[in-house]
Amino acid sequence: MDKIDIAICEALQKDSRITIAELGEIIGLSNSACHRRVQNLSDSGVISGFSARLNPTKLGLGVQAFIEITLNDQSHQSMDAFEEALANMDDVLECNLISGSADYMLSVAAKSLSDYDEIHRNYLSELPGVSSMTTKFTIRRIKEWQGYKVSHLRH
């Protein structure tokens with residue numbers, strides 16, 4: 001990635017609705033050169049997709065929970081079974097295999113604590129191979145994710 005690709009990535013993270021013409025003007029490229037660069041970044045997987053960030057509060061999702069999951073064991077079989085079961089759970093927004101005392105960190109958004117309790121009882125507690133679950137709730141979001149600072153990466 002060169003400086004132009006970095007500038008394209010940072011501009012698209014700020015506003016993915018920007019047109020190729022507007023992007024090209026910001027970056028200093030013709031429409032065709034800009035389109036080609038964006039297409040190459042998409043084809044190479046640097047740009048993995050375009051989406052809108054939604055306000056969870058406006059959607060009625062007032063509870064954000066982070067759940068640390070520890071499995072009974074870390075065998076391939078146990079991890080595969082857990083990950084396969086989790087893949088179809090729409091209430092789980094994100095899941096990461098992590099280091100430390102827990103094996104996975106999940107992110108869940110719910111309408112209320114009682115809604116989270118239902119998700120926990122009906123779905124999370126049914127996940128295979130779980131030996132312990134620790135839930136932490138967000139009190140207030142201090143800084144919202146705004147994208148990767150590509151220009152700060154070492155190349």
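In helix α4, the residues Ser78, Met79, Phe82 and Leu86 are buried, where buried denotes a relative accessible area under 20%, exposed one over 50% and partly exposed a value in between, calculated with a 1.4 Å probe on protein chains only. These four cover an arc of only 95 degrees around the axis, which puts them on the same side of α4, the arc being that of the directions from the helix axis to the C-beta atoms. The model is a predicted one, in which local features need pLDDT of at least 70 and side-chain atom pairs count only at pLDDT 80 or more, whereas totals for chains, interfaces and linings use all residues. Residues are numbered from 1 along each chain as its sequence is written, and side-chain values use heavy atoms, with hydrogens and water left out. Helices (H or I, at least four residues) and strands (E, at least two) are taken as DSSP runs and numbered from the N terminus.

Helix α4 comprises 12 residues and reaches 16 Å from its first C-alpha to its last, close to the 16 Å expected at 1.5 Å a residue, the expected span being 1.5 Å times one less than the number of residues in the helix. On the other side of α4, His76, Gln77, Glu84 and Ala87 are exposed. For Glu84, which has its place in helix α4, the relative accessible area is 61%, and the residue is therefore classed as exposed; its C-alpha atom is separated by 12 Å from that of Cys95, 11 residues apart along the chain. Asp80, which also lies in α4, is partly exposed, with a relative accessible area of 46%. The C-alpha atoms of Asp80 and Ala102, which are 22 residues apart along the chain, are separated by 16 Å.

The cover over the buried residues of α4 includes β1, β2, β3 and β4, contact here meaning heavy atoms within 4.5 Å. These strands form an open sheet of four, in the order β2-β3-β1-β4 and with antiparallel pairing. The edge strands are β2 (92–97) and β4 (130–137), each of which pairs on one side only, and the twist averages 20 degrees from one strand to the next. In general, strands of a sheet pair through backbone hydrogen bonds, either parallel or antiparallel; two strands are counted as a pair if DSSP finds at least two bridges between them.

Strand β1 (residues 63–71) is joined by seven bridges to strand β3 (residues 104–110), the two running antiparallel. Within this pairing, Gln64 stands opposite Ala109 of β3, and Ala65 stands opposite Val108 of β3. Seven bridges likewise join β1 to β4, again in antiparallel fashion, with Ile69 standing opposite Met133 of β4. Strand β1 is mostly covered, seven of its nine residues being buried.

Helix α4 (residues 76–87) lies across β1, β2, β3 and β4 and runs at about 15 degrees to β3, whereas helix α5 (residues 113–122) lies across β1, β3 and β4 and runs at about 135 degrees to β3. For these angles, axes are lines fitted to C-alpha atoms, for helices over the stretch in contact, and the angles run from 0 to 180 degrees between N-to-C directions.

Helix α3 (residues 31–43) has 13 residues and spans 18 Å from its first C-alpha to its last, close to the 18 Å expected at 1.5 Å a residue. Its buried residues include Ala33, Cys34, Val38 and Leu41; they cover an arc of only 135 degrees around the axis, which puts them on the same side of α3. The buried residues of α3 pack against α1 (3–14) and α2 (20–27). The helix is followed by Gly45, whose phi is positive, near 90 degrees.

The packing of α1 and α3 occurs at an angle of about 80 degrees, with their axes 10 Å apart. That angle makes α1 roughly perpendicular to α3, on a scale where angles under 35 degrees count as roughly parallel, over 145 as roughly antiparallel, 65 to 115 as roughly perpendicular and the rest as oblique. The contact is made by Ile4, Asp5, Ile8, Cys9 and Leu12 of α1 together with Arg37, Val38 and Leu41 of α3. Asp5, found in helix α1, has a relative accessibility of 13% and so counts as buried. Residues up to four places away in sequence not being counted, Asp5 touches Arg37 and Leu41.
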